Amino acid sequence: PAPEPALPPVPEPAPVEQERVQRDAPLPPTTRPVQEQEQRQRQPDQAELDRQRRIAELQRRREQAARERSMAAIELRYRLMPYLYTLAYENATRGLPLMRPLSFLDEKDPGLFVRDDAYLWGDALLVAPVTERRARRKKLDVPAGVYFDFHSGERIEGGRTVEMKLDPEHIPVLARAGHFVPMVPVHRHAGEYSSAELELRY
């Protein structure tokens, strides 16, 4: 008779102690602690970049505000061109300067000869520059007479010291009562100047 085929060997069961050791073995390390550490290392760089971004944004806003104020001043200059042309004509024909000391108001007042906090722009406008940083108010010895705030129209009696609240958009300019200040609409350049439409400030 033919021999019977051999049966496959039966695997021996793993030892209980070996299963327990394998079951209690520590899990393989994850990448989360490494990621958290990398994030902590990047935080100073990110904070610095955010700070630089805030500084750049603040600078951009300041530049934008300065640009808008400059444009407003340029537009005012173009609107005052009829008045400026008159001053240029007086300078050419009579030798009068465009920018005049306050002593032109009253040559008999010695105090006006030493004033350096204001000047006349022509004979109709008194300009008081702001030279102090972050100033909010300005005391001005207004010469005798009646004046009007060029921007707000407020009436100001002269011959006394006036404390003016400063507007960051412009410097104080006073218009002398009894004088005319001709103005024209805003235009882009001197080539577009036309006196066909005049606005009189008085």
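**Notes on the salt bridges**

1. Arginine 155 and glutamate 157 form a salt bridge (a side-chain nitrogen of Lys or Arg within 4 Å of a carboxyl oxygen of Asp or Glu), and their closest N and O atoms are 2.9 Å apart. Glutamate 157 is partly exposed at 36% relative accessibility; by the cut-offs, buried is under 20% relative accessible area, exposed is over 50%, and partly exposed is in between, with a 1.4 Å probe and protein chains only.

2. On the basis of the values: this is a predicted model, in which local features need pLDDT of at least 70, side-chain atom pairs count only at pLDDT 80 or more, and totals for chains, interfaces and linings use all residues. Residues are numbered from 1 along each chain as its sequence is written, and side-chain values use heavy atoms, with hydrogens and water left out.

3. The structure has six salt bridges. Another of them joins arginine 100 to glutamate 90, with 2.8 Å between the closest N and O atoms. This pair links distant parts of the chain, 10 residues apart: arginine 100 lies in strand 1 (residues 99-100) and glutamate 90 in helix 3 (residues 81-94). Helices (H or I, at least four residues) and strands (E, at least two) are DSSP runs, numbered from the N terminus.

4. Both partners of that pair have an assigned burial class. Arginine 100 is buried at 5% relative accessible area, and glutamate 90 is buried at 14%.

5. Glutamate 199 and arginine 201 meet through their side chains in a salt bridge, at 3.1 Å from N to O. Arginine 201 is partly exposed at 29% relative accessibility, as is glutamate 199 at 31%. A network of salt bridges links Arg79, Glu199 and Arg201.
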